[in-house]
Amino acid sequence: MTAGPTSARHRVVTLAYDRLWPFEFGIAVEIFGWARPEIITVDWYDFTVAGPKEPVRTLGGMTMMPEHGYDIVERADTVIVPAWRDIHEKPPADMLDAVRAAHAAGARLVSYCTGAFVLAHAGVLDGRRATTHWRDMHELKRQFPQIEIVDDVLYVDDGDIISSAGSSAAVDCSLHI
C-alpha cells in the first residue's frame, strides 16, 4: 500500500530514520499497514513509509530502504513518528521540515515513546499537552519547558497531536486512533 494524491482512504505515513528502533516502527506497520479483510470489512488505511533517500539501519542489525523520501509527508492525513534514537540528538533538518509541513497542511501527528522529542524539536508541541516514556519525561521538560508534560498516562490526545508514553503504550495509542 502506498500513499497517493487520489486515494480516498486515510493516508498514514510512518517516518523511518537511521538507527531506527524496529519495535515501535513495527507497531505502526502492524496496526496501520496491514488490512485484515477477514475481520475488518471497511477500507483500511493507505499506509507508507517515508525516510531518507538511503538505506536505514535499525537497532538489531537490519537494514531497510524506505519506499519514499520525506517529501511525501506533507500529503499525509496522519504522520507517525516512532521512538527517536537519542533524546540528546536533534533530528535531521529534512525530517523536522517534513513534520512541520505536514502539521501546517492539517495532518494529525502521532509520536510513539521518545518520538515526542522529534515533535518538540519541530516546534509543534509548544504550548501543548504531551507525554513520552516515563524515563525521559524530565529531560523532555528540561529541553522544552513550553510543553505541558502529562505523566502517568498511556497516551495524550491533544486533538491533532497524539503522543504515547512508553513503547508498549504505542499499541494502546494506535488502537485509540
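## Helix H5

The buried residues in helix H5 are Ala-169, Ala-170, Cys-173 and Ser-174. Viewed down the axis of H5, these residues fall within an arc of 140°, so they line one face of the helix. An α-helix has 3.6 residues a turn, so residues three or four places apart point the same way.

What do the buried residues of H5 pack against? Their partners are H1, strand S7 (108–111), strand S10 (155–157) and strand S11 (161–164). Note that this is a predicted model.

## Helix H1

H1 has its own buried residues: Glu-24, Phe-25, Ile-27, Ala-28, Ile-31 and Phe-32. Seen down the axis of H1, they fall within an arc of 150°, so they too line one face of the helix. The cover over these residues includes S1, S2, strand S4 (63–64), S6 and helix H5 (169–176).

## The nonpolar core

In soluble globular proteins, nonpolar side chains tend to be buried together. Here the largest nonpolar core has 50 residues. Which of them touch the most other members? They are Leu-15 and Val-73. Helix H3 (residues 116–122) gives the core its largest share, six residues.

Leaving out residues up to four places away in sequence, Val-73 touches Val-13, Leu-15, Ala-50, Val-79, Ala-98 and Ala-102.

## Aromatic pairs

The whole structure holds three aromatic pairs. One of them joins Tyr-17 and Trp-84. The pair is tilted, with 4.8 Å centre to centre and 55° between the planes. Tyr-17 sits in the loop between strand S1 (11–15) and helix H1 (22–32), while Trp-84 sits in the loop between strand S6 (78–81) and helix H2 (93–104). The two are 67 residues apart, so the pair links distant parts of the chain. Tyr-17 has 1% relative accessibility, so it counts as buried. Trp-84 has 0%, so it counts as buried.

Phe-32 and Tyr-45 form another pair, which is edge-to-face. Phe-32 belongs to helix H1, and Tyr-45 to the loop between H1 and strand S2 (46–51), 13 residues apart. Phe-32 is buried at 1% relative accessible area. Tyr-45 counts as buried at 15% relative accessibility. Phe-32, Trp-44 and Tyr-45 make up one aromatic cluster.

## Salt bridges

How many salt bridges are there? The count is ten. In one of them, Arg-57 meets Asp-18, and the closest N and O atoms are 2.3 Å apart. Arg-57 is in strand S3 (residues 56–57), and Asp-18 is in the loop between S1 and H1, 39 residues apart. Asp-18 is buried, with a relative accessible area of 18%.

Asp-160 and Arg-128 form a salt bridge, with the closest N and O atoms 2.5 Å apart. Asp-160 lies in the loop between S10 and S11, and Arg-128 in the loop between H3 and strand S8 (129–130), so the pair ties together parts 32 residues apart in sequence. Asp-160 is partly exposed at 31% relative accessibility, whereas Arg-128 is buried at 16% relative accessible area. Arg-135 and Asp-136 also meet in a salt bridge, at 3.4 Å from N to O. Arg-135 is partly exposed at 48% relative accessibility, but Asp-136 is buried at 7%. Salt bridges with shared partners join Arg-128, Arg-129, Asp-158 and Asp-160 into one network.

Conventions
Residues are numbered from 1 along each chain as its sequence is written. This is a predicted model: local features need pLDDT of at least 70, side-chain atom pairs count only at pLDDT 80 or more; totals for chains, interfaces and linings use all residues. Side-chain values use heavy atoms; hydrogens and water are left out. A nonpolar core is a set of buried Ala, Val, Leu, Ile, Met, Phe, Trp, Tyr and Cys residues joined through side-chain atoms within 4.5 Å. Buried means under 20% relative accessible area, exposed over 50%, partly exposed in between (1.4 Å probe, protein chains only). Helices (H or I, at least four residues) and strands (E, at least two) are DSSP runs, numbered from the N terminus. Contact means heavy atoms within 4.5 Å. Rings of Phe, Tyr and Trp (its six-membered ring) pair if their centres lie within 6.5 Å; planes under 30 degrees apart count as stacked, over 60 as edge-to-face and the rest as tilted. The arc is that of the directions from the helix axis to the C-beta atoms. A salt bridge is a side-chain nitrogen of Lys or Arg within 4 Å of a carboxyl oxygen of Asp or Glu.
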